[in-house]
Amino acid sequence: MAGSRAWILKSRPQGMPGLDNFELRDGGGQEVADGMIRVRNLWLSVDPYMRGRMNDVKSYVPAFEIGKPLEGGAVGKVVESRSPHFREGDTVFHMYGWREEAVGPAEKFNKVPPLGVPDQQWLGNLGLTGATAYFGLLRVAEAKEGDIVFVSAAAGAVGSAVVQIAKAKGMTVIGSAGGAEKCDWVRELGADETIDYKSGSLVRSLMKAAPKGIDVYFDNVGGEHLDAAFATARNNARFAICGMIDAYNGGDPQSFRYIMRVIAARIRMRGFIYTDFLPEMGDFYRDMGGCIASGQVKSRETVREGIEAAPQAFLDLFTGGNTGKMLVRL
């Protein structure tokens, strides 16, 4: 069937993936059985966590299978339905990304609530990335008004949402990003201080930006950023560990050079996944939807065009090729 191509995982990458690990195939015309729907995808999300699923290891989500379509967040329109819960023309978000069409059980799709925001927001600030930022900051790190918050990858999809949520809740924010242009944008989002991690020692830079230390660290990176957070943490600091992108493709192990401060400063460090908080998604939609409507939380997207662009868009996440949310528009 025309327009039903899908990217499959051709081989498991060793270290940094390459384009030869992916293959674009005709997905054929899968039949829509009772209780299923067919969706024409409009927007695809690529996210760093997908790298872990390319390894054949036990994790919080199943590994991608060789020769099978990849998966990820997507938004699209229902074009065929054999479910009483969906009609043709409904806009839905789901996890059958990396393909032009998605066919699956109706319960695997969610109707987009009528909040009057652009469709792609359900892959960004109202989707996985926004929910990760929201729950990581407010539930995992228990950040509160008056806290000093350090955010790594602050110009990325999750980090930029953390910066804005923290400011909306009355916190002081220090954001780290790569290069002057990204740091300028992080300041536009409301960050009180920014650090260009490409310009020198992160530990010295963070000590200068936060002379009183930090109460909260939202970690997207690991590595030297995590070391700097340990070095500058105040007593009873809380670290929300979202992702350690520095280690996703191998390379040097995490150093933890200042980890002994976890004892004296009584630092609490907790890893999390946003699906831990699915029962609270109603609260998230109301709170974040209100922040978006009021202008307290804005979005910026790096958009690549066409299904063919998906693998390179994904690879560019690991070299700083995005500002804000990376999306593929079909």
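Contact means heavy atoms within 4.5 Å. Aspartate 56, leaving aside its neighbours within four places in sequence, is in contact with Arg12 and Ala63. This is a predicted model, in which local features need pLDDT of at least 70 and side-chain atom pairs count only at pLDDT 80 or more, while totals for chains, interfaces and linings use all residues. Residues are numbered from 1 along each chain as its sequence is written, and side-chain values use heavy atoms, with hydrogens and water left out.

**Overall build**

The chain's secondary structure consists of nine helices and 15 strands; helices (H or I, at least four residues) and strands (E, at least two) are DSSP runs, numbered from the N terminus. The chain has a radius of gyration of 20 Å, close to the 20 Å given by the globule rule for 330 residues, so it is as compact as a globular protein of that length. Here the radius is taken over C-alpha atoms, and the rule is 2.2 Å times the number of residues to the power 0.38. The C-alpha trace spans about 60 × 45 × 35 Å along its principal axes.

Of the 330 residues in the chain, 53% are buried. Buried means under 20% relative accessible area, exposed over 50%, and partly exposed in between (1.4 Å probe, protein chains only).

Among the contacts in the chain with a separation of 6 or more, 66% are between residues 24 or more positions apart. There are 39 positive and 39 negative side chains, and the centres of the two sets lie 4 Å apart. Lys and Arg count as positive and Asp and Glu as negative, with His and the chain ends not counted. The place of a charge is taken as NZ of Lys, CZ of Arg, CG of Asp or CD of Glu.

**Aromatic pairs**

A search of the whole structure finds 16 aromatic pairs. Rings of Phe, Tyr and Trp (its six-membered ring) pair if their centres lie within 6.5 Å; planes under 30 degrees apart count as stacked, over 60 as edge-to-face and the rest as tilted.

Phenylalanine 22 and phenylalanine 314 have ring centres 6.3 Å apart and planes at 70 degrees, so this pair is edge-to-face. The pair links distant parts of the chain, with phenylalanine 22 in strand β2 (residues 22–26) and phenylalanine 314 in helix α9 (residues 310–316), 292 residues apart. Both phenylalanine 22 and phenylalanine 314 are buried.

Phenylalanine 150 and tyrosine 217 form a stacked pair, at 5.1 Å centre to centre and 20 degrees between the planes. Phenylalanine 150 belongs to strand β8 (residues 148–151) and tyrosine 217 to strand β11 (residues 214–219), so the pair ties together parts that are 67 residues apart in sequence. Phenylalanine 150 and tyrosine 217 are buried.

One aromatic cluster is formed by Phe93, Trp122, Tyr134, Phe135, Phe277, Phe284 and Tyr285.

**Positive phi**

Most residues other than glycine have a negative phi. Tryptophan 98, although not a glycine, has a positive phi of about 60 degrees. Its place is the loop between β5 (91–94) and β6 (101–105). Glutamate 142 is not a glycine either, and has a positive phi of about 50 degrees. Glutamate 142 is found in the loop between α2 (128–140) and β8.

**Single residues**

Relative accessible areas of selected residues are as follows.

| Residue | Relative accessible area | Class |
|---|---|---|
| Tryptophan 98 | 1% | buried |
| Glutamine 164 | 3% | buried |
| Asparagine 21 | 8% | buried |
| Glutamate 142 | 46% | partly exposed |
| Aspartate 56 | 62% | exposed |

Asparagine 21 sits in the loop between β1 (5–9) and β2. Not counting residues up to four places away in sequence, asparagine 21 touches Ile8, Leu9, Lys10, Ser11, Arg12 and Pro13. Asparagine 21 and alanine 168, 147 residues apart in sequence, are 41 Å apart in space, C-alpha to C-alpha.

Glutamine 164 is part of helix α3 (residues 157–168). Beyond its neighbours within four places in sequence, glutamine 164 is in contact with Leu189, Gln296, Val297 and Lys298.

Aspartate 56 occupies the loop between α1 (50–53) and β4 (74–81). The C-alpha atoms of aspartate 56 and glycine 179 are separated by 35 Å, and the two residues are 123 residues apart along the chain.
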